[in-house]
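Me: I have a model open and want a quick walk through it. Can you take my questions as they come?

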Amino acid sequence: TTKVGVRRNLDGEQVRPLKLCIIGAGGFIGSHLCEKLMWDTHHSVLAVDVYGDKIQHLLAPGKSWSDRIEFHKINIKHDSRLEGLIKLSDLVINLAAICTPADYNTRPLDTIYSNFIDALPVVQYCRVNHKRLIHFSTCEVYGKTIGSFLPADSPLKKDPAYYILKEDESPCIFGPIEKQRWSYACAKQLIERFIYAEGAENDLEFTIVRPFNWIGPRMDFIPGIDGPSESVPRVLACFSNNLMRGEPLKLVDGGQSQRTFVYIKDAIEAVLRMIENPARANGHIFNVGNPHNELTVRELAELMTDVYCKVSGNPRPAVPTIDVTSMEFYGQGYDDSDKRIPDMTIIKKQLEWEPKTPVYDLMESTLTYQHTTYAQAVKKAMSKTLAN
Ligand code: NAD
Ligand code: UDP
């Protein structure tokens with residue numbers, strides 16, 4: 001059901017229905033954002049993507065929101081229709097990107113084109129046509145923490161000043177050029193600087209989002225089921241795939257890297273606040289993550305194994321994890337972010353937003369989705385392989 005009643009922003013002002021041009025609307029974040037906008041608001045969406053599978057359920061005719069969403073199958077690299085769609089909208093949200101680490105060192109050119117070159121015209125169309133832009137960057141622009149350069153036994157490693165990532169203070173620390181992992185972060189950093197400069201010199205109204213490992217249903221794909229069998233998705237889909245196949249989870253370089261995970265539905269609430277509160281969001285860069293949900297990758301593997309056994313009823317595997325080197329898993333040029341804890345001061349102050357969902361709960365709902373969506377298909381694919 002749709003609530004099309006009056007919406008008010010954080011300052012109690014009425015929010016008029018907006019037309020949003022969402023580029024990359026068919027991806028993981030885009031699909032959840034479109035759901036939120038269709039189910040809980042009166043806003044309209046021009047959904048731009050090369051794929052629409054993840055929003056098919058919203059595009060089916062006869063829904064109460066059907067007149068508020070329109071899918072445009074467009075590759076923004078070369079399609080003159082893009083500027084026309086931007087002209088029709090009040091606000092542009094750009095999510096389009098190559099954003100899986102397995103691509104950064106193996107397809108560095110595509111990564112740089114996608115995250116910088118292809119994003120440039122979007123910024124320019126927004127500036128020329130006086131449209132507000134919400135651009136999706138990444139927590140990876142912080143790169144490594146200052147603390148990662150301290151000796152392993154330094155007591156300063158425990159001092160938050162050496163690892164907390166602050167939008168307006170922390171430096172961006174990347175590895176050498178031959179570590180092509182950083183091609184993504186570097187391209188994202190340059191588009192952030194470009195957008196910031198358009199704001200400073202030409203009054204572009206912008207907001208930049210730095211997601212910290214948003215996870216939930218529809219993230220990436222399961223190799224060999226709804227994506228190429230030789231491709232490597234992000235860690236949630238890699239581990240889900242291993243669990244459904246009953247194979248050990250692969251820990252890259254010891255699984256010592258740390259991440260904070262935020263539930264997609266919490267994070268989408270933050271994006272909606274940015275959409276509906278331009279006066280509080282314009283000109284800002286926002287970390288969006290959950291600083292309380294920190295795990296090492298090894299701990300993540302343990303948690304996912306426990307939760308998957310619970311939701312599937314499967315017994316605990318005899319060999320839950322194996323170690324692999326990053327060279328074996330990702331190939332040459334891989335490198336890693338050591339630790340990612342977002343400072344939440346700015347988003348708390350500007351948008352009064354805080355994440356809610358603990359990591360166990362978000363994993364339980366996500367793995368329940370993975371199991372019900374994919375487990376049968378994985379079983380079938382495995383028995384086919386065995387028969388051959
Ligand atoms: P995703 O891959 O699921 O979504 C990206 C979408 O953009 C895809 O549907 C893809 O088809 C589309 N796209 C890419 N190039 C396009 C083009 N040339 N023309 C049209 N469509 C194109 O990824 P996501 O997780 O939803 O991420 C969205 C954004 O958020 C990205 O910019 C990413 O860098 C950023 N981000 C996400 C996370 C996270 O935790 N999920 C973390 C950091 C940054
Ligand atoms: N990783 C892993 N095994 C896998 C997939 C990923 O150990 O099967 C690690 C990866 O090396 C990184 C972390 O998990 O340290 C998170 O990877 P992800 O691809 O989700 O993206 P990132 O957070 O690095 O952007």
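Reply: Thr 41 counts as buried because its relative accessibility is 0%. Buried means under 20% relative accessible area, exposed means over 50%, and partly exposed is in between (1.4 Å probe, protein chains only).

Me: What kind of model is this, and how are things numbered?

Reply: This is a predicted model: local features need pLDDT of at least 70, side-chain atom pairs count only at pLDDT 80 or more, and totals for chains, interfaces and linings use all residues. Residues are numbered from 1 along each chain as its sequence is written, chains are lettered from A and ligands numbered from 1 in the order in which they are written, and side-chain values use heavy atoms, with hydrogens and water left out.

Me: Back to Thr 41. Where is its place?

Reply: Thr 41 is in the loop between α1 and β4 (44–49). Helices (H or I, at least four residues) and strands (E, at least two) are DSSP runs, numbered from the N terminus.

Me: Which backbone oxygen lies 2.6 Å from a polar atom of the Thr 41 side chain?

Reply: That of Leu 37. A polar contact is a pair of N or O atoms within 3.5 Å; within protein, one must be able to donate a hydrogen and the other to accept it, and residues adjacent in sequence count only if both atoms are side-chain atoms.

Me: Ligand 1 next. Which residues come nearest?

Reply: Phe 28, Asp 49, Asn 75, Tyr 184 and Trp 214, out of 25 residues around ligand 1. Near means that a heavy atom of the residue lies within 4 Å.

Me: Which backbone atoms sit by oxygen atoms of ligand 1?

Reply: A backbone N or O atom of Phe 28 is 2.8 Å from a ligand 1 oxygen. Ile 29 also has a backbone N or O atom 2.8 Å from an oxygen of ligand 1. For a polar backbone atom of Leu 95, the distance to a ligand 1 oxygen is 3.1 Å.

Me: How much of ligand 1 does the protein cover?

Reply: 89% of the 830 Å² of accessible area that ligand 1 has on its own. Accessible areas come from the Shrake-Rupley method with a 1.4 Å probe; for residues, only the protein chains shown count as cover.

Me: Which helices supply at least two residues each to that shell?

Reply: α1 (28–40) and α7 (182–202) do. By class, the ligand 1 shell has 15 nonpolar, seven polar and three charged residues. Ala, Val, Leu, Ile, Met, Phe, Trp, Tyr, Cys and Pro count as nonpolar, Asp, Glu, Lys and Arg as charged, and the others, Gly among them, as polar.

Me: And ligand 2, which residues come nearest there?

Reply: Lys 250, Arg 259, Tyr 334, Asp 336 and Arg 340, of 19 around ligand 2.

Me: What are the distances to Asn 213, Lys 250 and Tyr 334?

Reply: A side-chain N or O atom of Asn 213 is 3.0 Å from an oxygen of ligand 2. A polar backbone atom of Lys 250 is 2.7 Å from a ligand 2 nitrogen. A polar side-chain atom of Tyr 334 is 2.8 Å from a ligand 2 oxygen. The protein buries 96% of the 520 Å² that ligand 2 exposes when taken alone.

Me: How does the ligand 2 shell divide by class?

Reply: Ten nonpolar, two polar and seven charged residues. α8, β11 and α12 (326–330) each supply at least two residues of that shell.
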